[in-house]
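Subject: Structure for you to look at

Hello,

Here is the structure I said I would pass on. Please open it and keep it in view while you read the notes below.

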Amino acid sequence: GINAEYMGGLITGNIKDDNTCRKLIHDNVMIYMSTPKIPVVHHYRTRCLNLSNGIELKYLFPTYNPNNPNSAVVMYFQIGERTIDKLAHLRMLSQLISPLFFTQLRTQQQLGYIVSSSYSDEYLSLGMNFSVQSHVVHPQEIQHRIINFVIYFNEYLSNLTDEEFYRNRDALAQKLSEKPKDLKQMTSLLWREILDELYIWNRRDLDVNAVSKVTLASLQEFYNKYFATSPGSSIRYISIHNYSNSYTIDLTEKNNSELWSSTTILVKDIDESKAHLDYLSYFPISVSN
């Protein structure tokens, strides 16, 4: 027989009237064909790849502008499916990491004009990005410096005083508790809930409450789990290297094993690599965990 996925795709792809008309025809066809409606979990959504623990996916490519002297590296550390508790810990890390990362790699090491770090919570997936653009060092050296910082920050976090921790936590909670200043900000907050299909209208209160529960000990445990290579850690990341014409791409390039005990997989074909990876599930998403 004709299954629901086939009929849904056929109707969606061929009826170009408004959504109300499409839904009316779709529902009536399903009734006539005695075919069940497509479950919500089977609806099309943009989802994130689920990286394997202990694995680095590395992609190397040349700059599109041969006259651009800059190379760039982006490292993305994946945390996993978004929960309010994980997001609170990731926000606290970003609060501490961002100024320190900029100071060390931009001001002190002077690698280049663009140096930044930020957390990501797109498509219900959490992660931390580190980005550096430089015209003075090789892309592999840029990654070397980022890794050194990640290792250093573990020690920094271990020596962080309670006073400094609480000062940063209170500042983050205050920022999250601020009400939208205009209709644009309000619309952005509400529309995000609609797009994610979570409809948590009191998210601001939940976020502030979750941040207020983060402790220095729980933050250290979170960092060791997702950013360290100690036994039992869940470190997994993607590194993307954009080469200027000053350097030749080495497809045998691996990571520095003395710095990082992860397995590097060199990505030569993005679509082929994605075909061999799982995706993070979209449902269910826990609000409290």
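By class, how many nonpolar, polar and charged residues does the lining of the largest pocket have? The lining has 10 nonpolar, six polar and 13 charged residues. Bear in mind that this is a predicted model.

The pocket itself holds about 920 Å³ of space. Its lining is made up of 29 residues, and those nearest the centre are Arg91, Leu176, Leu189, Arg204 and Asp207. Helices α3 (84-108), α5 (162-177), α6 (183-196) and α7 (203-212) are the elements that each give two or more residues to this lining. The largest share, seven residues, comes from α6.

The other topic is aromatic rings. The count comes to 17 aromatic pairs. One of them joins Phe77 and Tyr237, which are stacked, with 5.1 Å centre to centre and 25° between the planes. Phe77 belongs to strand β3 (residues 71-81) and Tyr237 to strand β6 (residues 237-243), so this pair ties together parts that are 160 residues apart in sequence. Phe77 is buried, at 0% relative accessibility, and Tyr237 is buried too, at 1%.

Phe101 and Phe149 form another pair. Their ring centres are 5.0 Å apart and their planes lie at 70°; edge-to-face requires over 60 degrees, so this pair is edge-to-face. Phe101 sits in helix α3 and Phe149 in helix α4 (residues 139-158), 48 residues apart. Both Phe101 and Phe149 are buried.

Ring pairs also link residues into a cluster, whose members include Phe77, Phe101, Phe149 and Tyr237.

Regards

How values were computed: Residues are numbered from 1 along each chain as its sequence is written. This is a predicted model: local features need pLDDT of at least 70, side-chain atom pairs count only at pLDDT 80 or more; totals for chains, interfaces and linings use all residues. Side-chain values use heavy atoms; hydrogens and water are left out. On a 1 Å grid over the protein atoms alone, a cavity is a set of points where a 1.4 Å probe fits but cannot get out, and a pocket is an open set with protein on both sides within 12 Å along at least five of seven lines; lining residues have an atom within 4 Å of a point. Grid points are joined across faces, edges and corners, and a volume is the space filled by probe spheres set on the points. Helices (H or I, at least four residues) and strands (E, at least two) are DSSP runs, numbered from the N terminus. Ala, Val, Leu, Ile, Met, Phe, Trp, Tyr, Cys and Pro count as nonpolar, Asp, Glu, Lys and Arg as charged, and the others, Gly among them, as polar. Rings of Phe, Tyr and Trp (its six-membered ring) pair if their centres lie within 6.5 Å; planes under 30 degrees apart count as stacked, over 60 as edge-to-face and the rest as tilted. Buried means under 20% relative accessible area, exposed over 50%, partly exposed in between (1.4 Å probe, protein chains only).
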